[in-house]
Amino acid sequence: MSATVEFARMNGLGNKILVVDMRGRPDKVTPAAAVVLNADPQTEFDQIMAIHDPKAEGTDAFIDILNSDGSKAQACGNGTRCVVQALAAETGRKVFTFQTVAGILNAVEHEDGTISVDMGRPVFDWDRIPLAEEFHDTSRIELQIGPIDKPVLHSPSAMSMGNPHAIFWVDRDVMSYDLARFGPLLENHPMFPERANITLAQVTSPTSVTTRTWERGAGLTLACGSAACSAAVSAARTGRTGRKVTINVASAKPPAMLSIEWRERDDHVIMTGPAEWEWSGRVDPSTGLWSRDGTREAEAQ
Ligand SMILES: N[C@@H](CCC[C@H](N)C(=O)O)C(=O)O
């Protein structure tokens, strides 16, 4: 078995994704390899999407997701769109079914190149998000940061989109908050026993929300798909919007949007947006040593 496998550097609205082809192999991308890859400015990433052989009948692949700190994630919306684009380019197919630790994901690439992923059903039960304290209503939980009598952020909506999210509703521009400072405190708050992805969300109309996210295990990111889904669901759940919204991702470069529909008929969340291939190379999934196709770096390593 070769020591190296193919990988592609891709992005979903600027969310930095490495798609690693682990098909035909029993091993996994190690947390140590993830940390090595993230330490190199050329391969730094938010998530690794490792494509493995299917484990369940009727699925095309099992996807293992790693954050840049080497921890595991159960869901990654932007990364899933990248996997779809990579496999569609390889096979010419348009429709895929994936398995992750959180369940089954159906996805389709449209004629215009955008990709829709059925992210499944949101989970609101406090012990399945999970939260450390029992809340009957998780659409507004008791949690705040800043001075006790004048909190900067408070009363988030909590939910799981396969992974844990807290959505803080704000009135001002999401970029005006010091999320680099508050993000780590909230991600690791004792309220979240498995940590959480932290999103600032400003509702701008009954059909649009602007978001900015501090990701669990990856920090400040340019975009987060599962957070966009969580903001859309939480906005509808709390009566701030309808069930079909545009999520404007404030930090995406260039500023970009995702369409999210929380479908009434089956409770599923459908995320639609783009994915972009940047370059490809080979990587050792055990050590993280890599080379880029057709460049001097490839010859050097
Ligand atoms: N960027 C992702 C979310 C990644 C997972 C997250 N950091 C976690 O640990 O849950 C997305 O687009 O959904």
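In helix α1 (residues 31-39), the buried residues are Ala33, Ala34, Leu37 and Asn38, where buried means that 20 or more other C-beta atoms lie within 10 Å of a residue's own, exposed means 12 or fewer, and partly exposed is in between, with C-beta atoms placed from the backbone. These four residues cover an arc of only 130 degrees around the axis, which puts them on the same side of α1; the arc is that of the directions from the helix axis to the C-beta atoms. The model is a predicted one, in which local features need pLDDT of at least 70 and side-chain atom pairs count only at pLDDT 80 or more, while totals for chains, interfaces and linings use all residues. Residues are numbered from 1 along each chain as its sequence is written.

**Helix α1 and its surroundings**
- An α-helix has 3.6 residues a turn, so residues three or four places apart point the same way.
- The exposed residues Ala32 and Ala39 are carried on the face of α1 that is turned away from its buried side.
- The buried residues of α1 pack against the strands β2 (15-21), β3 (47-52), β4 (61-67) and β20 (290-292); helices (H or I, at least four residues) and strands (E, at least two) are DSSP runs, numbered from the N terminus.

**Two domains**
- The protein is divided into domain 1 (5-120 + 276-300) and domain 2 (144-267), with bounds that come from an automatic or database domain assignment.
- The C-alpha centres of domain 1 and domain 2 lie 24 Å apart, and 20 residues of domain 1 are in contact with 19 residues of domain 2, contact meaning that the C-beta atoms of two residues, placed from the backbone, lie within 7 Å.
- On the side of domain 1 that touches domain 2, the residues divide into six nonpolar, twelve polar and two charged; Ala, Val, Leu, Ile, Met, Phe, Trp, Tyr, Cys and Pro count as nonpolar, Asp, Glu, Lys and Arg as charged, and the others, Gly among them, as polar.

**The shell around the ligand**
- Of the 19 residues around the ligand, Ala73, Asn78, Asn163, Gly225 and Ser226 come nearest, a residue being near a molecule or strand if its C-beta atom, placed from the backbone, lies within 6 Å of it.
- The elements that give two or more residues to this shell are α2 (77-91) and α4 (225-237), and α2 gives the most, with three residues.
- The shell has five nonpolar, eleven polar and three charged residues, and it draws at least three residues from each of domain 1 and domain 2.

**The largest nonpolar core**
- Among the 85 residues of the largest nonpolar core, Val19, Val20, Met49, Ala228, Ala232, Ile247 and Ile260 touch the most other members; such a core is a set of buried Ala, Val, Leu, Ile, Met, Phe, Trp, Tyr and Cys residues joined through C-beta atoms within 7 Å.
- Helix α4 gives the most to this core, with eight residues.
- Domain 1 and domain 2 both give residues to this core, so it lies between them.

**Backbone details**
- Most residues other than glycine have a negative phi, and most peptide bonds are trans.
- A cis peptide bond, with omega about -5 degrees, joins Ile129 and Pro130, and Pro130 has its place in the loop between β8 (115-118) and β9 (144-145).
- Arg195, although not a glycine, has a positive phi of about 60 degrees, and Arg195 is found in the loop between α3 and β13 (197-205).
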